[in-house]
Every structure is written in structure tokens, then in C-alpha cells.
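Dear colleague,

I am passing on the structure below, and I would be grateful if you could look through it alongside the notes that follow.

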Amino acid sequence: MNKVLTVCPYCGCGCGLYLHVENGKIVGVSPSRSHPVNNGSLCVKGWNAYEFVAHPDRLKYPMIRQNGELKRSTWNEALTLVAARLDEIKRKHGPDSIGILSSAKCTNEENYLMMKFARAVLGTNNIDHCARLCHSSTVGGLAAAFGSGAMTNSISEITDAKVLFVIGSNTTEQHPMIGMHMLEAVDRGAILIVADPRRTKIAEFAHIHIRQKSGTDVALLMGIMNSIVNEGLVDTDFVRRRTENFDTFEEVLRRYSPDVVEGITGVKANDIRRVARIYAMEKRSMLFYAMGITQHITGIDNVRACANLVMLTGHIGLPMSGLNPLRGQNNVQGACDMGGLPNVYSGYQTVTDPKARKKFEMAWRRKLPESPGLTLTDMIEKAYDSSLKAMYIMGENPLLSDPDLNHVKEALERLEFLVVQDIFPNETSEYADVILPASSYAEKDGTFTNTERRVQLLRKAIEPIGESKPDWEIICELSNSMGYEMNYRGTYEIMEEIAILTPSYGGILHHRLQEGFGLQWPCHNINHSGTPYLHRKKFARGLGTFITVDFVPPDEPPDSEYPFLLTTGRIYFRYHTATMCRRTAVLEREEPESFVEINPEDAERLGIKNRSMVKVSSRRGEIELKAYVTNRTPEGIVFIPFHFREAAANILTNPATDPGAKIPEYKVCAVRIEPLAKPKKVRRIPSVDLEALRIT
Amino acid sequence: MKKELILDKNNLSYWLRQIRKKRELIGPLMNGGNDIVFKSVDKIHELVLDCPASLPSPKEFIFPQYEPMLRIRQASNVKYQEITDLSEKTRRVIFGVRSCDISALGLLDRFYLKGHKDSYYAERRRNTLFISIVCKDPDPTCFCIGLGTGPYLEKGFDIQITDLGDRYFVQIGSPEGAKTVKAMSFLFRRPQKTDYEDQYEVFLSSKARFHKRINLKGIRQMILEEKVKDDFWQWVADRCFECGGCVYNCPLCTCFTVTDRAYSEGTERIRLWDACMFKGFTRMAGGILPNEMMVKRTKRWYYHKLIHYPETLGGFGCVGCGRCTITCPGKIDMASIATKLKGLAISEEEK
Amino acid sequence: MKNNLKNNKTNANIYIPLNGKIEEITQLTGDVRLFKIKTETPIDYVPGQFFMLSVWGAGEVPISVASLPEKNGTIELCIRKTGIVTSAIHSLKTGQSIGLRGPYGNGFPIDISKGRDVILVAGGIGIAPLRPLIQQFIKNHRKAGKVTLLYGSRTPDEIIFRDEVEEWEESGIAVALTVDKGNDNWKGNVGLVTGLWPEVRTDFKEAVAYICGPDVMIKAAMRDLFFLGMPDERIITTLEAHMKCGVGKCGHCYIGPQYICTDGPVFSYKEIKEQSILK
Ligand SMILES: Cc1cc2nc3c(=O)[nH]c(=O)nc-3n(C[C@H](O)[C@H](O)[C@H](O)COP(=O)(O)OP(=O)(O)OC[C@H]3O[C@@H](n4cnc5c(N)ncnc54)[C@H](O)[C@@H]3O)c2cc1C
Ligand code: SF4
Ligand code: SF4
Ligand code: SF4
Ligand code: FES
């Protein structure tokens, strides 16, 4: 039996785990004890991350649609066809008629190659990935405020923090190992503040749980900052030396007194003051946020408000003190770092910057497009109005993850050509013209970057299943058949190219990652040992900027017709569109069906019983699922996990997006709920008089 | 043949090399920084003997995480069924196992082999030889000492070795162990008086190094006398992340699930580690979840280990290996809970 | 409760299912079918025991025997379609084969009913495990003691073995039926099965009760019978749990100190109370 140290393929914690290999098969998983993130623990997904690899459903050979049906083909046929079709569409309609989705599940090397393929081979900046749907507001918001959008601290610092302020993150369930560090910090005396409308598990441990109305985070944060200013808790030295634009910001801030904010958010003014004091007065204060902040039409503003808060108090640039967006996917950080976005090359070098473009043009020996490309959400729009003709989707499943699914479905149907490259068949691949089978994380090398910017080595444990190939090999071969040579002897050579072109990855090379548990970027050169926390002496962009924000209500607040506010999210035993965990016996069993969480008061009023079927409808569609009556969700709000295709929450969600980040507002839309079956009234015979029977 | 022998340290690798000719040699190796993993040994000199506990426990070699059970060539062919038994028959030697894990084997044997005999366990057990090593320097998480399951054993092992600096004190505890030593008898010599003294010295110094002494009998008594209140169990349950790590890592947890996988070559029935910490573990027809409340599940784990194990198998369902302490993200492992309960009991008496 | 049969002591792999051939399928109600399965060599078993039935690719499920052992080696199993495996079983046709392991579990204690009146309480599919017991009582031409069957179903259409129930009545068994929800043709009782106690013309204190049905029904029936003076050790029930192995290894059916599959599935109220099984 061999055991191969590698990285968990599920979430952004990036736990170190061993894959157990026996006779070329994966037979188990165990945690790494000395890994700085998981210290010998794993969550249930990590522990079961071995089973799906060899599942019979794996895509084992390429398939081509012929007369409406997907038929097995050879690699040669499939790649030639893709190359020819892409070429043809490019010639006929221009390079910008093609859209590419890269993947937060694939390695850095693969994402880099994919963006090179889009930009150099196809000649379009139309490349994006699911970060659009989770943290594009972070990438945009923090880039403007600090100059770099990532967690500023390291996960291992959490245990020594004194105040943890968690807003819009279900940490214990979605980033379990970060949750573990938080719990440990609490055990050691830290104060935990959770702001979340739902009573999540992490909220159970909180000293203060504030339940703001969904979509009012800007107001809440402004209220907190207002009290900080009023109570004289501002770190004036920090604001003076390290930031700019404070005065303009302060003017707007004045309007948000805690009492005003109470009216908007429903959080008591006193609680707001309390949180402000606790957060500001302790130096080791860490702020965490996730999807609850980003997935709004005000996503960027929410992020900016968080940035303003840490600058106001000077809680940044120190260990155990900073602003920490928790990235969802195992490599969503890396996919962004590698430039799987329409406006930047790797390392966030913008495509509009002539100097950066020049550098990449020289390295890639091709003229590169100058204006930013389409975002994922725009691509769907353009496909819908038929100006986008082809899409090449690697390791993503927009047909379950995007908002307003019925619309997405039609958009994909209208495409002339759709290539899906994945490890399992999924909702999207049903519409593909060509399916390219990719190898899973266990069958290839490369690197993943976790949420704390730790670039870690993924090690190949077994040979590719069936005829599948690692994504990077597929991209290389496709590129070659389109006349642009991409030849690498291994992923380490790709990493070398990345390092040369990407300042923050400058010193990150595979051989340096062999020992230990990776390097945290920025790591500028080969002698640099990585950066555990960011912005020590100055921000990446020099001075931090206070960007003025103002509260804007959600796009679709509940009304009399659709009286409930629907918020969506994930659950612990499932992961995203569930292509992997649905093929894992233990995970599949735990949550076999979707549900809608509803408050007991609301349920009572509507006559909905626990576990009974209900219909949830919005302006865009309706789904039927089971009701789960619980206090976890407050009155007026319902929660549906988005993982289930049978009752896909995204049929309901609102495709309205943040104007800057183009992130959809998954967290707020208006819905109506009706019980499906009238509660069964069992006619009972009057209970028998047992006493009488006993005597006879 | 004598049951006690001395092996010169220089001879260890030669001895293991000879054993490896007949069996797959598995042992503790250092990996990726400081991890100890049990895997096939390529370079014998890389074995690390004085190492912290490995994750998971060596039960993975006799009750593996993933075990193919049966295969049927064609599920749809209903006339003729040819079922292949996929029992693993590889002969292995697991070197460097700890005493607590060997003690656990005794109970596992009783569990899997009594009544209906579990053939997969039996097959692997028969083909696996364990060479255990006396722990010179127990981890801070270990508490076998209060349970009599370590740091050294009097019986129950195949071969137990004690590191005496330049030589090993070798004890033979089973016929299979004796065979392995006998085949190489020229490597060994008889122990002298000083060897016995030195071995005792190791025992003493090892015992002195324990950080934890935990009295599970006392805890069991507390539970039986219903001194542990519901709100305590609720507190435990609230901290559980439902990771299953405690069960997966524990040398004495035995639960599994069975699932069928239809490959094109045939259908396989496999069994996988499962854990009572999951609510779906007891899911019944119609989606009824008898253990939906987390508190029922955490409690069940403790009751099983502390109350029912002694009743049915004659020993606690815990050998004090400390793995749950290492792995539990909620810090509600056996040692922490026992310590906490002891604290509660004392403060209760104070009142 | 003690196991009636000896444990498997051989070295054979206990997880390999035997090959059974489906001889006959009878549709009993909308979602319940009776399968008559023939094994190559006759298998001996007692009422209350169960087999692990397996359909390759779907999995294994525990199903109680619904008949007495036959010399020609046929077993009848009555199966409700509730999920993945049971649906797979329902999709099988006569002549096809099905895997089975067992019999497992302890079975109903019969001796305690010698010379006593018997009350059988069934709810829904719970009639299946009691059927062989009834057959046995009829076959033995019980001299002493009267047998009463109380049987509750959800609707009149869901009464399983309706024809047989009439035969049983003819053979001298007192039967009282009830449904949760009647229809136009239904003239009988409506309500819970525990509402049928007044129909029982038996001294509860001296009788034996065998109960099988859903959890809530079992609990209610046991509590009532206890209240009516029946001693705990003569209130017998059979319990259900998630099962993967049937042989006391997988742990799914473990409740309190007992494994339902090997220590049960038949328990007396006495055991249930002592071991706090049904909490
Ligand atoms: C001792 C015993 C005797 C039984 N006798 C009968 C009988 O005579 N007739 C009958 O119709 N039903 C009987 N059942 C119930 C029957 O086993 C379940 O209805 C069946 O397991 C449901 O499986 P499924 O795959 O169709 O359902 P799913 O809900 O799809 O089950 C999924 C998995 O859960 C497991 N599972 C779910 N519910 C149960 C359960 N109640 N018991 C065990 N495993 C479960 C199954 O093993 C399956 O692999 C009995 C159960 C037990 C424990
Ligand atoms: S916490 Fe995330 S990275 Fe760690 S094991 Fe779980 S899913 Fe994998
Ligand atoms: S309960 Fe914990 S300490 Fe005890 S044997 Fe199991 S893993 Fe080791
Ligand atoms: S290891 Fe701890 S957190 Fe994980 S399941 Fe066990 S008790 Fe719960
Ligand atoms: S069914 Fe496996 S232990 Fe009872």
C-alpha cells in the first residue's frame, strides 16, 4: 500500500490528505497531522474524497453528438472536430463569439493554460469561471481598496486571535477546518461575533449573534463604523499614514447612526454599538466573510464596507488582524490568480494595461485582444440573444449553479457549438456537442491555491481512469491541433512559465513545493519564503482607499405577491452541484433530497407540517420540495440549498447582478410558498377506555 | 524455542528483509514534514520507530476503509450467476505497531469472529503478522496507561520488541510470531540479566512520561449512576462537526456500509467505513431518521464504548490511543470528555 | 432474546448470497407484492426471522419470512415498494433469480404461547411476519387457547392478504380489521388498531401478544397491553432498523446494547424496557 500526500478536492480550506493506493486503485484517505490547516482532522467530505474517483459513471472516452445523440469517439476525432468548429466560428463570427469557462476545480497550471488558450489561440478575453458567482465582488472590491483581493491572514493565525467577526459565512459547515480553528480560538477565550440572518452552527458558538435582514449588510457595517467614529475608536494614526479619501467617506458615514441602521437592518442599536466596541478595542481582531456578503447586487459595496471597517480600526497588516474573504472552491483563489477572468492576466495584471499586454504578447508570440471580455453572466445573456456562438466549458456546471436556470437552459440550447470537459456527466453536458473526459484530482499533478493563498502540490496517485486525460494535456493537444504549439513535459514546466510572467508567483516552482506544505503568495523570487499575512507596511496599491458606499435595498424585496425572502446556500454533506458527492455512498445517503427551511411561525400560519411537500415559486419558476420547519431561519425568510437538480433552487433565483462585479443576487429574491398536500386529518376513534376494559 | 530473545540493532534490517521476501512489509515512514504514515516499506532504513501516532490506526490493514467484497460478472444475466469472492489474501507484516493497537486487535477479533464470522476480516487477520514496539516516549495524547493496554503488553501480541539502545528485546506471543523468528534464529541470542533489567528500565521511564491518566471505569460509573446530565450531552453534541474522524481513526470502531457499483466489467459489492455520527446511518424506509438529533449520536458513541463494549466484549471500546484527541475538530474526544466529566464530578462534590 | 438457530460456524463467506428463483409473484395491494422464491436446497427457518434479499447493482434489504418452511424449498416474502432496492425487487419477473442470505435473527418465541390465548396485533406490512405464525397456529390445530388478530391498514385497498384473512377466520381465528380512512364500500371499523381492544374476548393477563407494525403503533400497543395487565415478558414485538449486514457486524441496527439483527428482531416488552431500546 502506498500513501500519496495531496490536497483535498472539495473546499478552499485546502486540507492536506493522503490518498491510499493499492494495486493502482484508490482505497482510502487519511488526514495529514502536520498540515497547518487541518492538523490531523478532515471534514466528512475530505474523509470520503476517495470513493467517487473510480465511480462507474466517470466519463471514460470522448463523445460527439451525432444526429442528436452523444456517441463514443476517439480522441483524435473529438479534438479535430473541436478545433475545426472553433476555427470556423472564429473566422465567421470573430473570436469574441466564443466564450470559455475555466474551472475553480482545476489546477493553477490548467487555468493558466486555459486563459492562454482563450487569449493567444482564440484571441478573445471571453474567459471567466464560477468565481463570478461567488467572489467576483471580493476580487473587484478589494483590488480597488487594497490592490489585492485575497485573505490577508493565514488560517493558523485564527487560534490566537482575540476577536472573530464573522459576517455572512456558515463557516463550520462550509469551511469546516477554518471553523475548527475558530472554535479553538473561542475555547482559548476569543470573542466570536456572528452576523447572519440564519442561526447557523457557527452562530451557536457565538457570544453575539446579530440577525440582520438579508441584503442590509452595507447598512449594518456602516452603523458599526459610525459608532466606532463616534466613540473615538478610530485608529487615527493608521488612517492618516496608510489610507486616503477618509474625509469624503466620513460624510456619508455620518448618516448611518445606529438608530437609523436599526430601522434598516432590524438589529438593535445597542448591539451595533456593542459589536463596534468589541471589534475596535481589541487589536487581534479578524474579520471574515463569505457568500453572505458577496452574492448581492451590492456585493462590491458590501466588500468595500468591510475593507473600510478594517482600515478604520487599523485591523490589517498584522498577524491575527485582517480581512478574510473565505473562498469556496478548492482552487477558486488559484483560478482567479491565474487570470481565469475577462479583465486580467495571471497575477491580476489587467488586459487594458499596455505594458502587461506587451509582456504577454512577447511571451506568447501572439497579438492579444485589448478590451476586457465577457463575464460568465454576460456570456449567458449573449448566448441567449445568439451573439455568442460557441462555448467551451471546463469543469463547471452552469446548468445547476447559475441563477434563473430556465433561462440558462435556453441560452445553451441556442449555442451553435458547446464543448464540455468534465470528469462526470452533469446537467450541462446533456447539451454538449462534444464531451471531453478529464482526469480527476487523483490522476494528475499540479498545484491548487487555497483560500489563504497557499499554493500546494497536487500529486498524482493513480493513472487516469479509462481514456480520460488531465485537463492540461487536453488543452495542449487542442491548441496544437489549432496550430498554436503548446508543449510541456509536465505541469512543472507550466508553473515555470507562470512564475516568469506573474510577479506574485515569481518564486513558486514545483520543486520548492515538494517539501512541507506549500508557499503562500506573494512569493516574489526563489529565495522568498512566502507571505503569511498581507499589507504589512503598505498596501499592495500603496495607500488604502476608503471607497464611499451607500445602502441600496435588494433588487427584489418580498412583496404581497411573493411575501417570502429566499436565500440560498450550501449544506455540509453536499458540495456545489454534487457531481462528486452524489457518487459517494455516505454523502449521498445523508442528504438525499432537497428541502426548504422555514420558520415554525411561518409554517404554522401557512399550515405547513415538518417534512411535508410544498411548492416554492418565484417570478421565474417553481419547484416542489420538502419543508423543514426550524428556528434556524428567521420569520419571513426561507432557505434552500442549491445542490439538487430535482428541486434546483436556481430556477427561482434572481439573475439581477452587481453592476461592477456581475455577481448574481443569490442571497435575496422574493418567493411564495404553498403547502402541496393539505395536512392529512386522520379521523380517530375516541380513545378506548382502557380502565373499563381492565376491570372486565 | 525461547519466548524471549535479543536482536542486535544491526540485524534488524536483515531480519525484516528476510521477512519481506514472504510478506508485504508495512511500517511507519515519515512523510511531508512530520507525518507518520504506515505504508509499504521500500527502504528499510527509513523506518521511524519512535514516532507519534499514525492516522488512521492500523486497523486499516485488517478492516480497510474500502473493501471490495463480491463481484458478479453480469448482473443482468439472470440464468447464471457467478459470484467471485474478492477477499484480500495478501500476506503482510505490519512493523512498528503500538501496544494499544495490538490490544484493540484482541477485541476486534472477538467482535468480528464471534457468532457469524466475518470472512473478510478473518482472511486478512490470518494473513497479517504484527510486530509491535514498546512505546518509549508516549505522545501527550496517549492514555493507555490507565487502561492496561500499553505502553507494553504481557500477551496478545505476535512479536513485541523493546528498544534497548543498541539492541532489541524481542518477545514472542503467538505461533506465527515464533515461526517468523525461528526461521532466522541465528540472528537472535538469549537475553542476559542486564537485558531484563534494561527492559524494565524502559518500561519504568515510559510510564513516567505519560501526560494523561484517565480512569474510564470512573466515567462509566458516573454514566451508569446517571450523574451525567442531558445538558452535558447537548453541549458535546453542539460541538460535533459530524466529520466521522473519531470513528474512522479509532482502532475499535467497526461500522461499515455496503454499496453496489455497476461497472461495465461486472457489478461489485463493496464495503466502506461508515460512522454512527451521521444521521443517515440509521435512516429507515420512508426517510425516518431515528437519530436525527445529534445528541443521540454523540451519546451513542460514548455509551457504546464505555457501557456496552465492556458488557458484550469484555473491555472498554477504547484503548487510549489518543487518535480521537488528535483528529476531533470539536475537541470532544474521549480524553477531553473524560477529563471534563471528572472535573464536573469534583466540582459537584465540592457543592 | 435467545436465538433459535445455531450460529454459522463454518468458514464459508457469510456475505455470499444464495441463488433463489422467483417462482410466483402475486400483487397483493398497490405497492405490495408476494414473492414465492425457491432455493436449491430447502432452508429451515422460523416465523419472525428474516432474509437479506439482494439485487445486484441495487443492494440488499432485510425482509421477514411470510410463510412457513416448505419441504420443496420455497419461501414466501411479502415486500412493499419503498425505495431503491425494494423497487428493484418489484421490477423482477417470474423465473428470474434473486440473491438471499439467511435466515437471520431470532424469530418469535412459540413456546410461551402453549396453552394460552394469543393476540396478534398487526399494522400495515406488519402482517407479513405474523402470517407464518398464524399459519402455524392453524396448522397445529390449537386445542387450548383462542387466537385473535387485530389488523389495521391505512385504507381498505391496502389490506394485505384480504382473501387469506377470510380463510383464517374460517379456520377459527377471531379477526378484527380497521382502517385509518374508509371509503364508500367500507363498513368496518375506522381508526387506530389500538382502538380494537374491546373486540378481544380474552383475559389479557393470561394471554400472549405478538405485535408487528410501525414504531408508533408498537409503542402504543405495548403500553396499552401492559396497562391491561399483560406481563411484560409475554408482550412480544419485532422491530425494524436500517440493516446492511444482518449478522451483527455493520452496526447500523445497533440500538442500546442490542443488535436488532442478531439479538432481535423479536424482543419482549421486558427486554425493551430493561435495555431502553425503543427510546
Ligand atoms: C427485520 C426486518 C424485516 C423486514 N421485513 C420486511 C418485510 O417483510 N416486508 C417489507 O416490505 N419490508 C420489510 N422490512 C423493511 C424493508 O427492509 C425496507 O422497506 C427496505 O429496506 C427499504 O429499502 P429500499 O432500498 O427499497 O429503500 P431506500 O429508502 O431506498 O433505502 C436505502 C437504503 O437504506 C436501507 N434501508 C432503508 N430503510 C430500511 C429499513 N427499514 N430497514 C433496513 N434497511 C433500510 C436499505 O438497506 C437501502 O440500502 C423489514 C425490515 C427489517 C429490519
Ligand atoms: S474542510 Fe474542505 S478541504 Fe478540508 S477536508 Fe473538508 S472539504 Fe476538504
Ligand atoms: S476512543 Fe479515541 S483514544 Fe480511545 S481507542 Fe478510540 S480513538 Fe483511541
Ligand atoms: S471527531 Fe469529533 S467532530 Fe468529528 S464526528 Fe467525531 S466527535 Fe464529531
Ligand atoms: S444489520 Fe449489520 S449489525 Fe445488524
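How many residues does the contact take from chain A and from chain B? In this predicted model, chain A gives 53 residues to the contact and chain B gives 54. About 4200 Å² is buried between chain A and chain B, with carbon and sulfur atoms giving 48% of that area. Of the area that chain A buries against chain B, 17% is supplied by Met1(A), Arg33(A) and Trp47(A), which is more than any other three residues supply.

As for polar interactions, 34 residue pairs are in polar contact between chain A and chain B, counting pairs with both residues at pLDDT 80 or more. The side of chain A that touches chain B draws two or more residues from each of several elements of chain A, among them strand 1 (2-7), strand 2 (16-22), strand 3 (25-31) and helix 7 (176-187), and the residues of that side divide into 26 nonpolar, 14 polar and 13 charged. Eight salt bridges are found across the interface of chain A and chain B; Glu22(A) forms a salt bridge with Arg92(B), where the closest N and O atoms are 2.8 Å apart.

Turning to chain B itself, there is an open sheet of eight strands with mixed pairing, in the order 3-2-6-7-8-9-1-10. Strand 3 (35-40) and strand 10 (188-189) of chain B each have a single partner strand, so one side of each is left without a neighbour in the sheet. Strand 10 of chain B pairs with strand 1 (residues 4-8) of chain B in the antiparallel sense over two bridges, and Ile6(B) stands opposite Arg189(B).

How values were computed: Residues are numbered from 1 along each chain as its sequence is written. Chains are lettered from A and ligands numbered from 1 in the order in which they are written. This is a predicted model: local features need pLDDT of at least 70, side-chain atom pairs count only at pLDDT 80 or more; totals for chains, interfaces and linings use all residues. Side-chain values use heavy atoms; hydrogens and water are left out. Contact means heavy atoms within 4.5 Å. Buried area is the accessible area (1.4 Å probe) that two parts lose on being put together, summed over both. A salt bridge is a side-chain nitrogen of Lys or Arg within 4 Å of a carboxyl oxygen of Asp or Glu. A polar contact is a pair of N or O atoms within 3.5 Å; within protein, one must be able to donate a hydrogen and the other to accept it, and residues adjacent in sequence count only if both atoms are side-chain atoms. Helices (H or I, at least four residues) and strands (E, at least two) are DSSP runs, numbered from the N terminus. Ala, Val, Leu, Ile, Met, Phe, Trp, Tyr, Cys and Pro count as nonpolar, Asp, Glu, Lys and Arg as charged, and the others, Gly among them, as polar. Two strands pair if DSSP finds at least two bridges between them.
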